[in-house]
Amino acid sequence: MSDEKLTIRCREHGPFVLPAKFLLVDHLGNAFPLPAGKENIALCRCGASKNKPFCDGSHKACGFQAAETAPVPAPIV
Ligand code: FES
């Protein structure tokens, strides 16, 4: 198993995007099939997707706003 941390990117006004190397299960523990042939998967965070938990681009039409930024680390002095 790799020690590399999984990186999840918050797209500005859009989905969470992460490499397609994970298992995503529903509330019953059943796995969602990941879209085939994709290097990255976009997960909906706006709530408007008709293909939840995956992003289908609906965030653009619903006017979803999310531009949070992570805290910038303090410089080492
Ligand atoms: S974030 Fe894309 S449809 Fe919700």
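Setting aside neighbours within four places in sequence, Ser58 touches Ala48, Ser49 and Lys50 in this predicted model. Ser58 belongs to helix H1, and its relative accessible area of 15% makes it a buried residue. The cut-off for buried is under 20%, so Ser58 qualifies. Its side chain also has a polar partner: a contact of 2.6 Å ties Ser58 to the side chain of Asp56.

Now for the rings. Searching the whole structure turns up 1 aromatic pair. The partners are Phe32 and Phe54, arranged edge-to-face, with 6.3 Å between centres and 90 degrees between the planes. Why does that count as edge-to-face? Because the planes are 90 degrees apart, and anything over 60 gets that label.

Where do the two rings sit along the chain? Phe32 is in the loop between strand S2 (16-19) and strand S3 (40-43), while Phe54 is in the loop between S3 and helix H1 (58-62). The two residues are 22 residues apart, so the pair links distant parts of the chain.

| Residue | Relative accessible area | Class |
|---|---|---|
| Phe32 | 28% | partly exposed |
| Phe54 | 6% | buried |
| Ser58 | 15% | buried |

So what separates the two rings of the pair? Phe32, at 28%, is partly exposed, whereas Phe54, at 6%, is buried.

One more ring is worth a look: Phe16 has Arg45 lying over its face, at 5.0 Å from the ring centre.

Note on methods:
Residues numbered from 1 in each chain as written. Predicted model: local features only at pLDDT ≥ 70, side-chain atom pairs only at ≥ 80, totals over all residues. Heavy atoms only, no water. Phe/Tyr/Trp six-rings, centres within 6.5 Å; stacked < 30°, edge-to-face > 60°. Helix = DSSP H or I, 4+ residues; strand = E, 2+ residues; numbered from the N terminus. Buried < 20%, exposed > 50% of the residue type's maximum accessible area, 1.4 Å probe, protein only. Lys NZ or Arg CZ within 6 Å of the ring centre and 35° of its normal. Polar contact = N/O pair within 3.5 Å; in protein donor to acceptor, adjacent residues only side chain to side chain. Contact = heavy atoms within 4.5 Å.
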